Amino acid sequence: DVKSNRKLLARCMKQLGFICDEAEDGSKAVAMASTKNYSLILMDNVMPVMNGVAATKEIRRLQLSVKIVGVTGNALQEDLEEFIAAGCDEVLTKPFDIRLFKKICGRFGLEFRPKVA
């Protein structure tokens, strides 16, 4: 996604206690996923170089066992199904519903350690 959206999402994730890395395009997301053991990847669909669907397919081709949550501004059923078919475990639409995200993480067995202000 665009830098401002990535920064906002990273800030939200850090508030939940996640440690975040950012990839500015799908190709970099695949490279990062192949060199680091992530618990979760939030994969935006609209990115330069390689979109989120293609990046997810590539990560799955590499047989990485990371959970991937697709994030898209397109709420059409066919767009959501395309992300799932690519290998996403779940798909969230924008605007991002943090309560739904927490439920998904709970199903994945991920624990939250919220930052204390």
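Modeller: A residue is called buried under 20% relative accessible area, exposed over 50%, and partly exposed in between, using a 1.4 Å probe and protein chains only. Gly26 has 0% relative accessibility and therefore counts as buried. Please note that this is a predicted model, in which local features need pLDDT of at least 70 and side-chain atom pairs count only at pLDDT 80 or more, while totals for chains, interfaces and linings use all residues. Residues are numbered from 1 along each chain as its sequence is written, and side-chain values use heavy atoms, with hydrogens and water left out.

Colleague: In which helix is Gly26 found, and with which residues is Gly26 in contact, leaving aside its neighbours within four places in sequence?

Modeller: Helices (H or I, at least four residues) and strands (E, at least two) are DSSP runs, numbered from the N terminus. Gly26 belongs to helix 2, which covers residues 26–35. Contact means heavy atoms within 4.5 Å. Apart from neighbours within four places in sequence, Gly26 is in contact with Met47, Pro48, Met50 and Ala55.

Colleague: Which residues are buried in helix 3, and why do they line one face of the helix?

Modeller: In helix 3 (residues 52–61), the buried residues are Gly52, Val53, Ala55, Thr56 and Ile59. Seen down the helix axis, they fall within an arc of 165°, so they line one face of helix 3. The arc is that of the directions from the helix axis to the C-beta atoms. The cover over these buried residues includes helix 2, strand 1 (40–44), strand 2 (67–72) and helix 4 (77–86).

Colleague: How should I read the sheet, and in what order do its strands lie?

Modeller: Two strands pair if DSSP finds at least two bridges between them. Here three strands form an open sheet in the order 1-2-3, with parallel pairing. Strand 1 and strand 3 (90–93) stand at the edges with a single partner strand each, so one side of each has no neighbour in the sheet. Strand 2 and strand 3 pair over four bridges in the parallel sense. Thr72 has Thr93 in strand 3 as its bridge partner.

Colleague: At what angle does helix 4 run to strand 3?

Modeller: Axes are lines fitted to C-alpha atoms, for helices over the stretch in contact, and angles run from 0 to 180 degrees between N-to-C directions. Helix 4 lies across strand 1, strand 2 and strand 3, and runs at about 145° to strand 3. Helix 5 (residues 98–108) also packs on the sheet, touching strand 1, strand 2 and strand 3, and its direction makes about 170° with that of strand 3.
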